[in-house]
Amino acid sequence: LLLNGLTPEEQNLFYELVGHLREAGDLDLDDLWKVDYVKRPPTMEEFLEEDYWLAAIARKSEESEGVFPVWKEILCRDFNLDSRLHNTVITGSLGVGKSFVTALIFAYRLAQACLLRNPQAFLGLSKGSMVYYVMLSVTRAQVTETIFGDILNLMGNCPFFQEECGYDPKKKYAGMNVPLGRNIFLTAGSQSQHIVGRNTLGVAMDEGNW
């Protein structure tokens, strides 16, 4: 109600001041989420355990082992809502769940972006700018079979992405380009030109040795 009563210039000034306060770390997110988000973003624990998010896959059941306890501990500790990690390398032997955990982190960050009231203003972009989250692997076929396929599976089992972002697990998206509302897109590729020139806010690269 307060914001609606302000002129566009006053609203811009308000967001600028809030941005300075956020960067200074003087305010708690609990006091700020209504300014930035249409609804309160989940904690990582909520994201993994609640049915509206990823419990269908992340929670242990008769059909699935879910997220290994040690991975869940790391995710909730290091990749929660207030995480300051922006660049991460996940490494380990075969079978430890690297591509799956990477997809969970990526889906969590993507959900946060989709919950923003005005992603472009929040990220300092011009009005109407397109925002991209990109998955990369050695070839386009490989990325479909690995990290991109994993995140599509996660979104296909997450009510949030289907109900609020318009993701349809039965639809074949041309060019591996998935629109998620508010000019936010999930896409995939295998070459540098799949990133260059775009407002790319997140990149997941499968097979780091490549």
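**Core, surface and salt bridges in a predicted model**

Me: In this predicted model, how many residues does the largest nonpolar core have, and which have the most contacts inside it?
Reply: In soluble globular proteins, nonpolar side chains tend to be buried together. The largest nonpolar core of this model has 49 residues. Within this core, the residues with the most contacts are M135 and L186.

Me: Which element gives the most to this core?
Reply: Helices α3 (44–49), α4 (55–58), α5 (69–78), α9 (147–156) and α10 (159–163) are among the elements that each supply at least two residues of the core. Strands β1 and β3 (184–189) also supply at least two each, as does α6. With 12 residues, the element that gives the most is α6.

Me: Is Q112 buried or exposed?
Reply: Q112 lies in helix α6 (residues 98–115) and touches Y37 and L81, not counting residues up to four places away in sequence. The relative accessible area of Q112 is 11%, and the cut-off for burial is under 20%. Q112 is therefore buried.

Me: How many residues apart are K39 and E164, which form a salt bridge?
Reply: The closest N and O atoms of K39 and E164 are 2.8 Å apart. K39 is partly exposed at 31%, and E164 is partly exposed at 36%. K39 lies in the loop between α2 (29–36) and α3, whereas E164 lies in the loop between α10 and β2 (177–179). The pair links distant parts of the chain, and its separation is 125 residues.

Me: What is the area of the nonpolar surface patch made by F122, L123 and L201?
Reply: L123 is placed in the loop between α7 (119–122) and β1 (131–136). L123 is partly exposed, with a relative accessible area of 32%, and patch residues need over 30%. Together with F122 and L201, L123 makes a patch of about 220 Å².

Note on methods:
Residues are numbered from 1 along each chain as its sequence is written. This is a predicted model: local features need pLDDT of at least 70, side-chain atom pairs count only at pLDDT 80 or more; totals for chains, interfaces and linings use all residues. Side-chain values use heavy atoms; hydrogens and water are left out. Patches are made of residues with over 30% relative accessible area and no salt bridge: like charges are joined within 9 Å, nonpolar side chains (Val, Leu, Ile, Met, Phe, Trp, Tyr) within 5 Å. Accessible areas come from the Shrake-Rupley method with a 1.4 Å probe; for residues, only the protein chains shown count as cover. A salt bridge is a side-chain nitrogen of Lys or Arg within 4 Å of a carboxyl oxygen of Asp or Glu. Helices (H or I, at least four residues) and strands (E, at least two) are DSSP runs, numbered from the N terminus. Buried means under 20% relative accessible area, exposed over 50%, partly exposed in between (1.4 Å probe, protein chains only). Contact means heavy atoms within 4.5 Å. A nonpolar core is a set of buried Ala, Val, Leu, Ile, Met, Phe, Trp, Tyr and Cys residues joined through side-chain atoms within 4.5 Å.
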